[in-house]
Amino acid sequence: MPTIKDVAKMAGVSTATVSRAMMNPEKVSEKTRLKVEAAVAECGFSPNVIARNLRRSESKTIVVIVPDISNMFFANIVRGIQRVALKNAYKVLLGDSIHTVEQAKAYMDLVRSKQADGIISLTAELPAEVRQGSELPLVMACEYFPGFPVPTVRIDNRGSASRAVDYLLDIGHRQIGCITGPMENPICVDRKAGYQDSLQKMNIAVDEQAFEDGDFSFHSGYSAFRRLQQHFNMTALFCFNDMMALGAMKAAIELGIKVPQQLSIVGFDDLLFAEYTDPGLTTVRQPQEEIGITAANTLVKVLQGGKANQDTIIPTQLLVRGSCVSPSK
């Protein structure tokens, strides 16, 4: 196996120069760098990356924890993270916590054991000791905890939900059902508060019969709508994500309820399929890739010893499509 000494001899430079040319090429002249690269290629030298990283006390790996890898909402966020990671010479390890605190902890332990450098968590299901104050390089994205002292990249869930319900009210709806996510989750608490804000601005009493809980999956939206329509007479429905909205739409159509003529539906996220359903789904657009890019840039700044913003809020947009019309008289 060729060594760094062989490369140095072939390039006519010192081993220290070879090391600088490979690890910090900006610190050597272009002529020297090209000589070293040619020597490396000719003799087939492969540096021991693991040993080098151990000396630097870094792995050049970041862990991204998602609560459910089958939820397509996370795909473009991870893509944004990957773009920034590659630009900064980091690898991305994607971990599916399967909605369990124990699995999330296992991925976080990779940083404690120096197998990874930092974490971007897209889940709120984290160990209690982490939520009380984490010593790990950690950035929360999408999910958050009020007062949690780590950098967070998120949207204004309360304001975004209120904007969606305001739209339904503006086009004449007054009986608006709501399929929530798990209500122990802070983003769901905020989205429900946004729904309530909109009704209260119009002096409409909030009816607790208007709510059914889901878990963000297609099936939960389908089954939640079937339960909801049995005890709440609605002309419109607000769902806390697009997957549940699509499940609810399927259930409504199966029950002979026409969308949007008899039931207007609004989702949340703007997943790819939202534009291509029939009718197209009115929804709150979260800029998913931008969230990922911002979260990754924030973590890189933390890892490089910089000062990161503690709370970055990314704007959303209400996209009006064919799933909503004014209620029939």
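Helices (H or I, at least four residues) and strands (E, at least two) are DSSP runs, numbered from the N terminus. The model is predicted: local features need pLDDT of at least 70, side-chain atom pairs count only at pLDDT 80 or more, and totals for chains, interfaces and linings use all residues. Residues are numbered from 1 along each chain as its sequence is written, and side-chain values use heavy atoms, with hydrogens and water left out.

**View 1. Helix α11 runs from residue 242 to residue 254.** The 13 residues of α11 reach 18 Å from the first C-alpha to the last, close to the 18 Å expected at 1.5 Å a residue. That expected span is 1.5 Å times one less than the number of residues in the helix. Among the buried residues of α11 are D242, M243, M244 and A245; buried means under 20% relative accessible area, exposed over 50%, and partly exposed in between, with a 1.4 Å probe and protein chains only. The buried residues of α11 pack against strands β6 (176-180), β8 (236-239), β9 (264-269) and β10 (282-285) and against helix α10 (218-231). Just after α11, G256 has a positive phi of about 80°.

**View 2. N241 sits in the loop between β8 and α11.** With a relative accessible area of 2%, N241 is buried. The N241 side chain reaches the backbone oxygen of F216 at 2.9 Å and the backbone nitrogen of M244 at 2.9 Å. Each is a polar contact, a pair of N or O atoms within 3.5 Å; within protein, one must be able to donate a hydrogen and the other to accept it, and residues adjacent in sequence count only if both atoms are side-chain atoms. Leaving aside neighbours within four places in sequence, N241 is in contact (heavy atoms within 4.5 Å) with N71, F216, G267, F268 and D269.

**View 3. T152 lies in strand β5, residues 152-154.** T152 counts as buried because its relative accessibility is 7%. A polar atom of the T152 side chain lies 3.2 Å from the backbone oxygen of V150. Not counting residues up to four places away in sequence, T152 touches M140, E143, Y144, N309, Q310, D311 and T312.

**View 4. The largest pocket holds about 580 Å³ of space.** A pocket is found on a 1 Å grid over the protein atoms alone, as an open set of points where a 1.4 Å probe fits, with protein on both sides within 12 Å along at least five of seven lines; lining residues have an atom within 4 Å of a point. Grid points are joined across faces, edges and corners, and the volume is the space filled by probe spheres set on the points. Of the 32 lining residues, P67, H99, E143, N185 and F216 lie nearest the centre of the largest pocket. Helix α9 gives the most to this lining, with three residues. The lining has 15 nonpolar residues (Ala, Val, Leu, Ile, Met, Phe, Trp, Tyr, Cys and Pro), eight charged (Asp, Glu, Lys and Arg) and nine polar (the others, Gly among them).

**View 5. The second largest pocket has a volume of about 290 Å³.** Its lining is made of 15 residues, and N76, D270, L271, L272 and Q288 are the closest to its centre. Helix α12 provides the largest share of this lining, three residues.
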